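Here is a briefing on one protein chain. It covers helices, cores, aromatic contacts and a loop.

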Amino acid sequence: MYHFSRSIYRELAPEIIEERDGGTENHERVLRSCEICVERLATDWHYFAKPTKTLFNDIRIYFPMSSQRRVYCVVDRYITFAQEYIATRPADGFDLEGNRLECRATTRRGTPCRRVPLAHNGYCPSHQHLADTERVVLAA
Ligand SMILES: [Zn+2]
């Protein structure tokens, strides 16, 4: 999974604004932002609505005006790759970090539902109707 954040960083590194004192903090911040974004995508992607926009907004200040469009395109390309990768991996009940996946629903008794969720929306088969409700709420 981390090769996605590395790839974004590697493609953009030559365009990062140089610091006046020759420091490398800008580079570290860009790499760190890429890592945080990809990590969140890997572990929390159901709640991560606009990853490209989020990452772009985090790192754009480290690039000159003339690079902004390219930065956005590179970010968007790799985030899309990462999302496709996540969407196609087998639903084995674990996330990319090795944590056990559990259905996102709460049972009638108020305890978390612990069944294995379906990969595309994070709910187990008996809570699929909640995914539909959610789509309506998000669209509103
Ligand atoms: Zn459930």
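A charge sits over a ring if NZ of Lys or CZ of Arg is within 6 Å of the ring centre and within 35 degrees of the ring normal. The charged end of R40 meets this test over the ring of F48, 3.7 Å from its centre. This is a predicted model: local features need pLDDT of at least 70, side-chain atom pairs count only at pLDDT 80 or more, and totals for chains, interfaces and linings use all residues. Residues are numbered from 1 along each chain as its sequence is written, and side-chain values use heavy atoms, with hydrogens and water left out.

**Helices**
- Helices are DSSP runs (H or I, at least four residues), numbered from the N terminus.
- Buried residues of α2 include V30, L31, C34 and L41 (buried is under 20% relative accessible area, exposed over 50%, partly exposed in between; 1.4 Å probe, protein chains only).
- The buried residues of α2 pack against α1 (2-12), α3 (51-59) and α4 (68-88).
- In α1, the buried residues include F4, I8 and L12. Their cover includes α2, α3 and α4.

**Nonpolar cores**
- A nonpolar core is a set of buried Ala, Val, Leu, Ile, Met, Phe, Trp, Tyr and Cys residues joined through side-chain atoms within 4.5 Å.
- The largest core has 27 residues; I8, L12, V30, L55, I59, F63 and V75 touch the most other members.
- α1, α2, α3 and α4 each supply at least two residues of this core.
- A second, separate core of six residues includes C103, C113, Y123 and C124.

**Aromatic pairs**
- The structure holds three aromatic pairs (Phe, Tyr or Trp rings, the six-membered one for Trp, with centres within 6.5 Å; planes under 30 degrees apart are stacked, over 60 edge-to-face, the rest tilted).
- F56 and Y72 are edge-to-face, at 5.1 Å centre to centre and 85° between the planes. The pair links helix α3 to helix α4, 16 residues apart.
- F56 is buried at 9% relative accessibility; Y72 is partly exposed at 35%.

**Loop between α4 and α5 (128-139)**
- R108 lies in this loop and is exposed, at 91% relative accessible area.
- H127 is in the loop too, but is buried at 11%.
- R108 and H127 are 19 residues apart in sequence and 11 Å apart in space, C-alpha to C-alpha.
- Leaving aside neighbours within four places in sequence, H127 contacts C103, A105, T106, C113 and R115 (heavy atoms within 4.5 Å).
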